[in-house]
Amino acid sequence: MIETQLFAENADRIVSELNQVLVAEECPKDERSVILMTDIMAPANSRNHRHALELDRILGYELAYAGGSFVTLKDFGSLRYGSEKLTARADGTTPNSRAASATMTMAS
């Protein structure tokens with residue numbers, strides 16, 4: 001199926017959904033607590049932290065497959081990435097961890 005045909009088949013639904021967004025109430029802007037279960041936290045951690053810090057993305061090797069990163073080599077050791085209450089590190093020497101997984105801890 002070519003893209004124009006796919007769009008034509010979904011155009012009415014897309015227009016309807018866009019119109020709903022235009023008249024929707026604004027989202028609240030107050031602070032809220034969020035509890036993320038591990039089945040949500042693991043992929044979120046990977047997408048939000050690990051991918052941006054992967055050297056192949058920083059050097060541009062992944063651009064054709066998975067995209068690059070806003071992080072540069074000059075950022076190492078100085079970029080503050082996220083809240084100061086959050087520590088993210090990849091440490092393959094941590095017992096019972098995979099070398100590719102990042103460990104996250106919240107400061108008290």
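Trainee: Is D30 buried, partly exposed or exposed?
Mentor: In this predicted model, D30 has a relative accessible area of 46%.

Trainee: Where is D30 found?
Mentor: D30 is in the loop between α1 (3–23) and α2 (38–53).

Trainee: Which residue does the side chain of D30 meet in a salt bridge?
Mentor: The partner is R32, with an N to O distance of 3.1 Å. R32 is exposed, at a relative accessible area of 58%.

Trainee: Why can such side chains pair?
Mentor: Side chains of opposite charge can pair when their charged atoms come close.

Trainee: How many salt bridges are there?
Mentor: The count is three. Another one joins K29 and E26, at 2.5 Å from N to O. K29 is exposed, with 71% relative accessibility, and E26 is exposed as well, with 62%.

Trainee: And which residue forms a salt bridge with E17?
Mentor: E17 pairs with R13, and their closest N and O atoms are 3.1 Å apart. The two residues are four apart in helix α1, which means that about one helical turn separates them.

Trainee: Why does that spacing matter for direction?
Mentor: An α-helix has 3.6 residues a turn, so residues three or four places apart point the same way.

Trainee: Are E17 and R13 buried, partly exposed or exposed?
Mentor: E17 is partly exposed at 39% relative accessibility, and R13 is partly exposed at 42%.

Trainee: Let us turn to helix shape. At which residue does α1 bend?
Mentor: α1 bends at N10, by about 60°. Its 21 residues should span 30 Å at 1.5 Å a residue, and the 28 Å between its end C-alpha atoms agrees with that.

Trainee: Where is the kink in α2 centred?
Mentor: The kink in α2 is centred on S46 and amounts to about 35°. α2 has 16 residues and reaches 21 Å from its first C-alpha to its last, close to the expected 22 Å.

Trainee: Which residues of α2 are buried?
Mentor: They are N45, S46, H49, H51 and A52.

Trainee: One last topic: which residues make the nonpolar surface patch?
Mentor: L55, L59, Y61, L73 and F76 make a patch of about 550 Å². F76 lies in the loop between α3 (55–58) and β1 (86–90) and is partly exposed, with a relative accessible area of 48%.

Definitions and conventions. Residues numbered from 1 in each chain as written. Predicted model: local features only at pLDDT ≥ 70, side-chain atom pairs only at ≥ 80, totals over all residues. Heavy atoms only, no water. Patch = residues over 30% accessible without salt bridge, like charges linked within 9 Å, V, L, I, M, F, W, Y side chains within 5 Å. Areas by Shrake-Rupley, 256 points an atom, 1.4 Å probe, with all protein chains shown as cover. Salt bridge = Lys/Arg side-chain N within 4 Å of Asp/Glu carboxyl O. Buried < 20%, exposed > 50% of the residue type's maximum accessible area, 1.4 Å probe, protein only. Expected span 1.5 Å × (residues − 1). Bend = angle between axes of the 7 residues up to and from the residue.
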